[in-house]
Amino acid sequence: MGELRRMEELRTEFDQRGVKVITVSVDLPEVIAEKRHLHGLQATMLSDQQLAVTDAFGLRNQGVHSAPGSEPAKALPVPATLLIDREGTVLWRDLSEDYQRRSDPSVVLAAMQAHFESVTD
């Protein structure tokens with residue numbers, strides 16, 4: 001939740017570049033809907049219980065942090081932030097082996113500045 005709140009700090013930068021934020025998690029859709037208001041992020045939030053999106057981007061966590069027995073998903077993704085263009089090409093990604101570390105907004109901003117022009121310039 002903290003990461004999502006911090007990403008909302010970049011709302012103006014997202015809007016200037018026409019960037020759409022999409023989150024993907026193994027949470028059930030009802031859990032996503034229930035907790036959506038806690039972070040304020042304006043994003044499309046997707047449930048990936050079957051890990052289809054996770055596997056399509058090669059982000060299944062193969063390490064020790066597999067899903068606990070109480071988790072409905074069979075595994076967990078590697079924490080990642082990706083910038084993807086309109087054609088679906090991954091332009092940049094920030095991966096973490098530590099499930100508690102997420103991309104800092106300043107790192108995401110620098111990547112956006114490098115890969116996406118501001119549409120208001």
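**Surface and burial**

Accessible areas are computed by the Shrake-Rupley method with a 1.4 Å probe, and for residues only the protein chains shown count as cover. On that basis the chain exposes about 7,700 Å², and carbon and sulfur atoms supply 50% of this area. Of the 121 residues, 33% count as buried (under 20% relative accessible area, 1.4 Å probe, protein chains only).

This is a predicted model, in which local features need pLDDT of at least 70 and side-chain atom pairs count only at pLDDT 80 or more, while totals for chains, interfaces and linings use all residues. Residues are numbered from 1 along each chain as its sequence is written, and side-chain values use heavy atoms, with hydrogens and water left out.

**Helices and strands**

The chain has five helices and four strands (DSSP runs numbered from the N terminus: H or I of at least four residues for helices, E of at least two for strands). Their order along the sequence is α-α-β-α-β-α-β-β-α.

Strand 3 (residues 80-84) pairs with strand 4 (residues 90-95) in the antiparallel sense over five bridges; pairing requires at least two DSSP bridges between two strands. The two strands form a hairpin with five residues between them, and Gly88 in the turn has a positive phi of about 90°. Leu83 stands opposite Trp92 in strand 4.

**Nonpolar core**

A nonpolar core is a set of buried Ala, Val, Leu, Ile, Met, Phe, Trp, Tyr and Cys residues joined through side-chain atoms within 4.5 Å. The largest one holds 16 residues, of which Leu10, Phe14, Leu41, Leu83 and Met112 touch the most other members. Helix 5 (105-115) gives the largest share of this core, three residues.

Notes:
Buried < 20%, exposed > 50% of the residue type's maximum accessible area, 1.4 Å probe, protein only.
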